[in-house]
Amino acid sequence: MKPIDFRSDTVTKPTPAMRRAIAEAEVGDDVYGEDPTVRRLEERVAERLGLEAAVFTPSGTQANQIAIGAYCRSGDEVLTEAGSHIIQYEGGAVPALWGVQPQPLPGQRGLLTPEQVTESVRPENIHAPRTRLLSLENTHNRGGGSVWPVERFRAVVEAARKAKLAVHLDGARLFNAEVAAGVPASAWAKLTDSTSVCFSKGLGAPVGSVLAGRKDVIYEARRLRKRLGGGMRQAGLLAAAALYALDNHVARLAEDHAHARRLAALLAEVPGVKVDAAQVETNMVFAEFSRPAMEMVDLLTKHGVLTNPAGGPRTLRLVTHLDVSAEDIDEAVARIRRAVA
Ligand SMILES: *Cc1c(COP(=O)(O)O)cnc(C)c1O
């Protein structure tokens with residue numbers, strides 16, 4: 001029985017056509033700025049996001065972290081939603097790498113309000129850390145793959161601007177937001193000082209993220225990338241996969257979203273499984289089971305369905321992606337039905 005893998009959209013493997021694009025890539029030493037394919041990717045992403053410049057990084061974590069390092073000094077503070085990737089899933093990097101203190105704000109499905117931002121900025125006072133940066137996430141992973149309405153995003157950014165904060169967007173799945181909302185990724189990104197996007201998630205590339213932003217931010221980010229060991233040499237092989245994904249795998253994210261909606265609708269009918277199908281905005285389904293999450297992950301694995309625990313005591317996350325077909329959705333629901341029976 002071939003397992004159906006809903007653990008994450010990071011498990012996607014490069015398609016044969018993407019592998020050909022990799023094989024044919026023109027390369028050079030990118031630390032010397034001589035890799036034409038990396039340069040082309042950086043230019044394309046900056047343009048597509050409505051930002052001035054960009055830098056290719058090995059991971060989304062590194063893209064977010066070099067942005068934080070570019071804005072903040074030791075002892076500064078970053079405002080971010082409590083469930084954000086930079087707090088939950090980056091190995092404690094914000095304090096460990098930069099000596100920066102995150103102030104976690106409670107969100108609604110990962111989204112904040114302008115008032116929350118305004119009220120959370122510290123006063124100028126010798127007791128307080130300096131609040132320097134607001135870091136947002138779109139789509140919001142722990143928020144359920146939720147999409148920021150552009151107007152709400154704009155209002156929150158304006159609140160940050162009034163308080164003289166820089167604004168970073170963790171857009172690991174920004175193209176999912178683009179496809180779900182039907183507005184270009186630049187609608188959010190151009191309002192920020194920097195935005196990171198991931199190519200190794202639903203876009204199906206093997207490795208790589210890009211941080212795009214203001215010229216001065218990206219200049220500093222290049223130094224920090226080198227400091228963290230993220231300067232790569234003939235990285236055009238990886239950039240070629242990302243360029244291929246940008247050209248061929250963005251529009252198809254709509255299929256992943258349709259699969260997630262179908263998965264949620266079918267799971268809602270399985271006795272012992274609770275799913276709010278109305279909450280599925282992109283490629284993630286959060287389902288509550290009647291047993292503890294880890295026990296449930298093991299049980300489903302035995303039945304050929306791979307999932308991850310999602311934070312709640314009985315909640316699992318199922319992510320649809322390039323390597324999950326419409327038939328896989330129906331087959332997975334049948335397997336889950338047998339597992340919980
Ligand atoms: C996956 C992800 C990242 C980056 O993760 P890497 O594994 O370091 O590439 C960043 N932000 C969010 C919201 C993510 O889901």
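## Basis

The model is predicted, and local features need pLDDT of at least 70, side-chain atom pairs count only at pLDDT 80 or more, and totals for chains, interfaces and linings use all residues. Residues are numbered from 1 along each chain as its sequence is written, and side-chain values use heavy atoms, with hydrogens and water left out.

## The sheet

Three strands make an open, antiparallel sheet in the order 9-12-11. Strands (E, at least two residues) and helices (H or I, at least four) are DSSP runs, numbered from the N terminus. Two strands pair if DSSP finds at least two bridges between them. Strand 9 (284-288) and strand 11 (308-309) are the edge strands, each pairing on one side only.

Strand 9 is joined to strand 12 (residues 315-319) by five bridges. Phenylalanine 286 stands opposite arginine 317 in strand 12.

## The helix pair

Helix 12 (residues 253-267) packs against helix 14 (residues 326-340) at an angle of about 25 degrees, and their axes are 10 Å apart. Axes are lines fitted to C-alpha atoms, for helices over the stretch in contact, and angles run from 0 to 180 degrees between N-to-C directions. The two helices are therefore roughly parallel to each other; angles under 35 degrees count as roughly parallel.

The contact (heavy atoms within 4.5 Å) is made by His259, Arg262, Leu263, Leu266 and Leu267 of helix 12 and by Ala326, Ile329, Asp330, Val333 and Ile336 of helix 14.

Terms used
Angles under 35 degrees count as roughly parallel, over 145 as roughly antiparallel, 65 to 115 as roughly perpendicular and the rest as oblique.
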